[in-house]
Amino acid sequence: MKNLISTILVTLLLVACGSDKIQSVEDLVASGDLEQIRAKKAELDIEQQELTAQLKQLEGKIKELDPQEKIPLITTFSAKESVFDHFLELQGNVNTKQNLVVYPEFSGILLRVYVKEGQRVKKGQILAKIDDGGLSQQVAQLQIQADLAKTTFDRQERLWQQKIGSEIQYLQAKSNYEAQQQSVNQLKNQLGKTLVRAPFSGSIDDVITEQGSVVAPGQSQLFRIVSLRDMYIETDVPERYIKDIVPGKLVQVEFPILDTTIKAKIRQAGNFINPANRTFKVEVAVPNKDNSIKPNLTAKLKINDYTNEKAILIPQSIISENAKGEQYVYTLKDKTENKATAQRVIITTGKTDGDFIEILTGLKNGSEIINEGARSVKDGQEVKIMQLEASK
């Protein structure tokens, strides 16, 4: 009744204004009359609100009365067997078997340092010389005595071969010569310790003691020498992986600082379980042709500890759990065109791969599994399939 009265009033007003007909929106826009345009917009806004409210009422009643509107919409995917490689992710540090601080073997003043930091050296190369404290003169004197003893021995030996002289004279000459020669060799060995040599080929990473310093064996650090040839990564592995992490296993090594990833293999797996943290040591050999990998560099390791040639992987997000702690998903049965019945299937799961998880029992190759809508359906409920998604 109110709507009728409003309509009559609007009509009367239009007649009173002398309008022959109701203007269209196009006419109002063309007229350029701001007041009439605003009035028309306000009128249309009210009509739009009323229509929206009426549509909502109609839609709600349709859903209440039409059984087809109550069927949940879902998407599905088909489970497919694939090769599943699981990786154990660890962190380790780069080491080298040839990273050594060189100490002197002789006490004295460091007379000369022949190398500088960063210099490449070869095994046996002289790095520095220590003052021998007159040892070289002692060697020279002993050598003179040794030469005399040798001359005496040679003469005594010739006489003995000619059956001249006694055997005791020959043996005394021989013993004296050998003793003198051993003394010379021993002193030369001591003199050789005044020359500091490179224990292996590598680079001088640090010159620790400067020329002119007094050094002593086991106390004074002279140089740090490093070789980047025999590089490896050492890490601790939990004991539960002792059967899976063995020498020869393939390892993917990532160096975040270098933005580099390489492939390597486990060189050695320790046989000792650390009782403090229940882990064992693992060494991974690292190729280093360009010498870009340095000692103590941080590395991320991915070790292939498990492989399933016929694994079924599904998203973890669609798995639910009942009151008994059993995990389940929904599959389809009695499928006809785009409709089917949801069926609850109890599953057991294995290892994870990101957002996906391995299914050990409950599903088989080709099973059609509910994906979107899996949390809103019930066992035995009719569902409507929107689209068929591909599996991972």
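This is a predicted model: local features need pLDDT of at least 70, side-chain atom pairs count only at pLDDT 80 or more; totals for chains, interfaces and linings use all residues.

**Stop 1: an open sheet**

Select β7, β6, β4 and β9. These four strands form an open sheet in the order β7-β6-β4-β9, with antiparallel pairing. Look at the edges, where β7 (195–197) and β9 (214–215) stand; each has a single partner strand, so one side of each is left without a neighbour in the sheet. To find one place where the two strands meet, pick L110; its bridge partner in β6 is I130.

**Stop 2: the strands around β11**

Now select β11, residues 231–238. Which strands does it pair with here? Strand β2 (residues 81–96) is joined to β11 by four bridges, and the two run antiparallel. Colour N95 and Y232 to see a facing pair, with Y232 on the β11 side. Strand β14 (residues 279–286) is also antiparallel to β11, and eight bridges join them. Here the pair to colour is V237 and F280, the latter in β14.

**Stop 3: two nonpolar cores**

Stay in this region and show side chains. The largest nonpolar core has 26 residues, and those with the most contacts inside it are I233, I245, V253, F255 and V284. Elements giving two or more residues to this core are β2, β11, β12 (250–255), β13, β14 and β15 (298–315). In soluble globular proteins, nonpolar side chains tend to be buried together.

Centre the view on I245. What is in contact with I245 once its neighbours within four places in sequence are left aside? The list is L88, V237, I266, A269, F280, V282, I303 and D305. V237 and F280 are the facing pair from the previous stop.

Apart from this core lies another, of 24 residues; select I74, I314, I318 and I370, which are among them.

**Stop 4: salt bridges**

The model contains eight salt bridges. Side chains of opposite charge can pair when their charged atoms come close.

Begin with K150 and D154, whose side chains meet at 3.2 Å, N to O. Both sit in helix α4 (residues 135–161), and because they are four residues apart they are separated by about one helical turn. K150 is partly exposed at 36% relative accessibility, and D154 is partly exposed at 25%.

Move to R267 and D230, a salt bridge of 3.0 Å, N to O. R267 lies in strand β13 (residues 260–269), while D230 is in the loop between β10 (223–226) and β11, so the pair ties together parts that are 37 residues apart in sequence. R267 is partly exposed, with a relative accessible area of 34%, and D230 is partly exposed at 29%.

Finish with K335 and E368, which form a salt bridge of 3.1 Å, N to O. K335 belongs to strand β17 (residues 327–336) and E368 to strand β20 (residues 368–370), so this pair ties together parts that are 33 residues apart in sequence. Are the two residues buried or exposed? K335 is partly exposed at 41% relative accessibility, whereas E368 is buried at 16%.

Conventions
Residues are numbered from 1 along each chain as its sequence is written. Side-chain values use heavy atoms; hydrogens and water are left out. A salt bridge is a side-chain nitrogen of Lys or Arg within 4 Å of a carboxyl oxygen of Asp or Glu. Buried means under 20% relative accessible area, exposed over 50%, partly exposed in between (1.4 Å probe, protein chains only). Two strands pair if DSSP finds at least two bridges between them. A nonpolar core is a set of buried Ala, Val, Leu, Ile, Met, Phe, Trp, Tyr and Cys residues joined through side-chain atoms within 4.5 Å. Contact means heavy atoms within 4.5 Å.
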